[in-house]
Amino acid sequence: MNRKLILLVEDNPDDEALTLRALKNSNIANEVVVARDGTEAIDFLFGTTQGDSCRLPELVLLDLNLPKVNGFEVLKRIRADSRTHTLPVVILTTSDEDRDLVEGYKLGANSYVRKPVDFEEFRKAVKTLGMYWLVLNLAPPSNRI
Amino acid sequence: MRLQKIVFLSMVLLLTLMTVAIGGSYVLFTVSNNREQQKDLFKTRAMVLLDAAERQVLWDDRMAMKQFLVNEIKGSDLLDYAFVTVDGMPYVSTFSKGIPVTLLQQSAASDQPSVWEFQDTAGRVFYDIRSGRSPGGTVLHLGLKRRAIDRQNRNLIVAIVVISLVTTAAGILLAVVLARRATREIGVLADALRSYRDLNCNEAPAIFATSSDVEELVQSFKLLTEQRRLAAEEIQILNMELEQRVKDRTSQLEAANEELDAFAYSVSHDLRAPLRGIDGFSLALLEDYEDKLDAQGKDYLHRIRNACVRMGRLIDDLLGLSRITRGEMHLEAVNLSDMVRNIAEELQRSEEIRGVEFQISPTVVADADPVLIRTVLENLVGNAWKFTRRTDRPRIEFGVTGDIGSMVYFVRDNGAGFNMEYVDRLFSAFQRLHKSDEFEGTGIGLASVQRIIHRHGGRIWAEGAEGEGATFYFTLGGGAQ
């Protein structure tokens, strides 16, 4: 399978459904793996759930407010590991607090997108994100599969 | 110069002057008095002598007369006697070398007894006492060396000088004692002041004065110092209490702020997520089940979505309001005119067909937090823009009145205005004076504006009339919190 993989880290099932719907509506047909908390995301990325076929995603859509291990912690782990060091991570969250923005970029997020309440705008944002990160943007060689 | 020395010197000077004055005047008086007395004495003596010598003169027995005179001189103060004839020739005298010429020349003939003083060629001073004419036609001259009188006087002077010296010495001694005595009390006082001066030292040595008045002073000062020390301690305690109270309040305030911060943070995260669900799934219904919904069902779903968006905006505005209260302020000189011009341009771009006339005073500068003051101006100018939507020839004015130090800035429009009856409700959160289908808005804007102005230590108020526009005035009170 040569499709580019998206890792969606999202604990809220409503938001998960809406994000998936927005992706589908935007004709982004990539495979999406959903991690429902930080631990799941880390397990997926660093191999404990995938067995041998360790597949790294092309893009991580990361929520911040997660149970167990929060989004910043996940981001820290991603940036600390040599395999995922250059992996594009987009923070996709409800908060627009300055400190979250600052902390996100400080820890090495590639982008920070706030989820709008209006679904139409949300859909627009997701579409733009997908177009940009999966089509327009060139990932560093090590991430290419 | 030390007090002791001053007292001593002035006393010595005074005493010396007094002694000299009294002694001197006494000497002068006594010496002249003595001389007069001597002269009287000699006069009497001359008379007696003349009577005694009468017989020898009669007999012209000059040898016997001279012997008589020599005997008479022995044991007396008299120096020499001289009898001179009426025509001024020597008759009998005790002068070993004869009567001095000067004496003869000066002893003018006279019938009356008199006494005068004169000097001979050897410099000796004589008192010449001339008696009247004797039966033999001679005149008696009695001579007395002044030294004899002076000796008396000299003794007197020496006595007085000695007494004066003794008195002065005693005076000096007295002066020393008095000066020490007087200044010792001053010293005691000075010691007491020095010992009790230090407020922190509450165990100063006890100091006692000899004189009651100085003792009273010392005790008064001790008491005063004690009172001052107690007062200082009390002030210190009060200060500490005050500091503690300020610390407590500050930490309470900090805790409250932290709670507010945490609350706002969770609102930001948790309140918006369900709204997005409601909106998203309503839209999903509208899109995926369009054929199963009638017009009314679709209308309800649209209403749900509108409500979601409105609530989303309310949450955003509320968060904005709380952010205004929480964030730190950085004051700097801000050009308000440029800011208003900038806001006006943005508004004009957003709705070019409106054709609102802006009238902006040039170079209005104020000390303010640039981010916060921009929120103020955006709200005020934005409101003016909004409420002139139904006005012909809309006009918005920004300017300043008042003096330096009490500047009043204002934003004026000729729009919908408001009823002054409701002016109190203008600045409360969620209070709106217009129907939302007339003019949109959440009712947070002016509450935020007021909060920012208050944080700058300023004041905001409004004037207006329905259909005649509104004017919002504000001051920026030097940035006090």
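Helix axes are lines fitted to C-alpha atoms over the stretch in contact, and angles run from 0 to 180 degrees between N-to-C directions. In this predicted model, that convention applies directly to two helices of chain B: α7(B) and α10 (residues 445-455) pack at an angle of about 0°, with their axes 10 Å apart. Angles under 35 degrees count as roughly parallel, and α7(B) and α10(B) are therefore roughly parallel to each other. On the α7(B) side, the contact is made by B:Gly320, B:Leu321, B:Ile324 and B:Thr325, and α10(B) contributes B:Ala447, B:Ser448, B:Arg451 and B:Ile452. By class, the residues of this contact between α7(B) and α10(B) are four nonpolar, three polar and one charged.

Helix α8 (residues 336-350) packs with helix α9 (residues 370-387) at an angle of about 45°, and their axes are 10 Å apart. This angle makes α8(B) oblique to α9(B). The crossing of the two helices, α8(B) and α9(B), is right-handed. From α8(B), the residues in the contact are B:Leu336, B:Met339, B:Val340, B:Ile343, B:Ala344 and B:Leu347; from α9(B), they are B:Arg374, B:Leu377, B:Glu378, B:Val381 and B:Trp385. The contact of α8(B) with α9(B) comprises nine nonpolar residues, no polar ones and two charged ones.

In chain B, five strands in the order β7-β9-β10-β12-β11 form an open sheet with mixed pairing. From one strand to the next, the twist averages 15°. Within the sheet, strand β10 (residues 408-413) and strand β12 (residues 470-474) of chain B pair in the antiparallel sense over five bridges. B:Asp413 has B:Ala470 of β12(B) as its bridge partner. Helix α8(B) packs on the sheet and touches β7, β9 (395-401) and β10 of chain B, its direction making about 170° with that of β7(B). Helix α9(B) lies across β9, β10 and β12 of chain B and runs at about 20° to β10(B).

Chain B as a whole contains ten helices and twelve strands. Of its 481 residues, 23% are buried. Among the contacts in chain B with a separation of 6 or more, 62% are between residues 24 or more positions apart.

Chain A also contains an open sheet of five strands, here in the order β2-β1-β3-β4-β5 and with parallel pairing. Its edge strands are β2 (31-35) and β5 (111-114) of chain A, each of which pairs on one side only. The twist in this sheet averages 20° from one strand to the next. Strand β1 (residues 5-9) of chain A runs parallel to β2(A), and five bridges join the two. Within this pair, A:Ile6 stands opposite A:Val32 in β2(A).

The two chains meet where 15 residues of chain B are in contact with 16 residues of chain A. On the chain B side, the elements that give two or more residues are α6 (212-288) and α7 (295-326). The largest share of that side, twelve residues, comes from α6(B). The residues with which chain B touches chain A divide into seven nonpolar, five polar and three charged.

Key: Residues numbered from 1 in each chain as written. Chains lettered and ligands numbered in written order. Predicted model: local features only at pLDDT ≥ 70, side-chain atom pairs only at ≥ 80, totals over all residues. Contact = placed C-beta atoms within 7 Å. Helix = DSSP H or I, 4+ residues; strand = E, 2+ residues; numbered from the N terminus. Nonpolar A, V, L, I, M, F, W, Y, C, P; charged D, E, K, R; others polar. Parallel < 35°, antiparallel > 145°, perpendicular 65-115°, else oblique. Left-handed = near helix turned anticlockwise from the far one by under 90°. Pairing = 2+ DSSP bridges. Buried ≥ 20, exposed ≤ 12 C-beta atoms within 10 Å, placed from the backbone.
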